[in-house]
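Student: Hi! I'm new to this one and would like a friendly walk through it. Could we look at it together?

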Amino acid sequence: MQIPAQPFPFDFELAHTALVIIDMQRDFVEPGGFGETLGNDVSLLQAIVPACQGVLQAWRVAGGAVVHTREAHAPDLSDCPPAKRLRGNPSLRIGDAGPMGRILVAGEPGNQIIAALTPEPGEWVIDKPGKGAFYATGLHETLQAAGITHLLFMGVTTEVCVQTSMREANDRGYDCLLLEDCTESYFPHFKAATVDMLRAQGGIVGWTAPSSSLLAALAKVAHQDC
Ligand code: C5J
């Protein structure tokens, strides 16, 4: 399959490609969660949910592999270095009681993936203690065992966990594409800068494309299969 993308068309085989959905968890996306409590406008993140849902649905119909990640720490915070915990907003740190349970702690209500993107059986769900999806998760080994060589990224936030994960993947040899309208930041200028820098210099980290390009390619394949 090939889709129009920047800086040039992106080629991939469905059987060797996974859709990676980064941290679409309630605490970041929903009103009343951690993100909003810190003063962020979560409506920016909520705005991408329909596009993410559309891609996820089409990707599932096509039979592609799906990875969901959550930024999540063990309840005893043994996987949260003080260097991470002690930065951020001192009034609400990782592990503190927040409006939807303990902040970024596995199993808490706010740590769950939003209902619109609930993982289905057979999809990989990765709890990651870092910003990147590859640090201390075994994700690389899982993808290698499944023969995955190409990754399509969606999720939040663009300049933090999405960008970090895409860079980690690029360094491990994956061809990566970011779906531009399926990722967002609390800071729109950070998203814009991230999208620009990822695809700069001939695709130094990877490719970017609107989800409509992917959907059109998937629809074409579905039509050929009929
Ligand atoms: C993510 C964050 N998921 N912004 N986390 O980007 O701290």
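Tutor: Happy to. One definition to begin: two strands pair if DSSP finds at least two bridges between them. Strands (E, at least two residues) and helices (H or I, at least four) are DSSP runs, numbered from the N terminus.

Student: And what kind of model is it, and how are the residues numbered?

Tutor: It is a predicted model, where local features need pLDDT of at least 70 and side-chain atom pairs count only at pLDDT 80 or more, while totals for chains, interfaces and linings use all residues. Residues are numbered from 1 along each chain as its sequence is written, and side-chain values use heavy atoms, with hydrogens and water left out.

Student: Okay, pairing then. How many bridges join β4 to β7?

Tutor: Five bridges join β4, residues 65-71, to β7, and the two run parallel. Along that pair, H68 is opposite V125 of β7.

Student: What order do the strands of the sheet come in?

Tutor: The open sheet has six strands, in the order β7-β4-β3-β8-β9-β10, with parallel pairing. β7 (124-128) and β10 (207-209) are at the edges with a single partner strand each, so one side of each has no neighbour in the sheet. From one strand to the next, the twist averages 25°. Angles here run from 0 to 180 degrees between N-to-C directions, and axes are lines fitted to C-alpha atoms, for helices over the stretch in contact.

Student: Which strands does helix α4 lie across?

Tutor: Helix α4 (residues 49-62) lies across β3 (17-22), β4, β8 (150-156) and β9 (175-184), and runs at about 150° to β3. Helix α9 (residues 211-225) also packs on the sheet: α9 touches β8, β9 and β10, at about 115° to the direction of β9. Contact means heavy atoms within 4.5 Å.

Student: Let's pick one residue. Is M154 buried or exposed?

Tutor: M154, which is in strand β8, counts as buried because its relative accessibility is 0%. Buried means under 20% relative accessible area, exposed over 50%, and partly exposed in between (1.4 Å probe, protein chains only).

Student: What does M154 touch?

Tutor: Leaving out residues up to four places away in sequence, M154 touches L19, V20, I21, I22, C52, V55, V162, L179 and C182.

Student: V162 is on that list. Which residues of α7 are buried?

Tutor: In α7 the buried ones include T158, C161, V162, S165, M166 and A169. Just after α7, G173 has a positive phi of about 100°.

Student: New topic: which residues are around the ligand?

Tutor: They are D23, F28, E71, K131, V156, T157, V160 and C161, each having a heavy atom within 4 Å of the ligand. A polar side-chain atom of K131 is 2.9 Å from a ligand oxygen atom. Polar backbone atoms also come in: one of T157 is 3.0 Å from an oxygen atom of the ligand, and one of C161 is 3.1 Å from an oxygen atom of the ligand.

Student: Last one: where is H140?

Tutor: H140 is in helix α6, residues 139-145. With 17% relative accessibility, H140 counts as buried. Not counting residues up to four places away in sequence, H140 touches F134, R172 and Y174.

How values were computed
A polar contact is a pair of N or O atoms within 3.5 Å; within protein, one must be able to donate a hydrogen and the other to accept it, and residues adjacent in sequence count only if both atoms are side-chain atoms.
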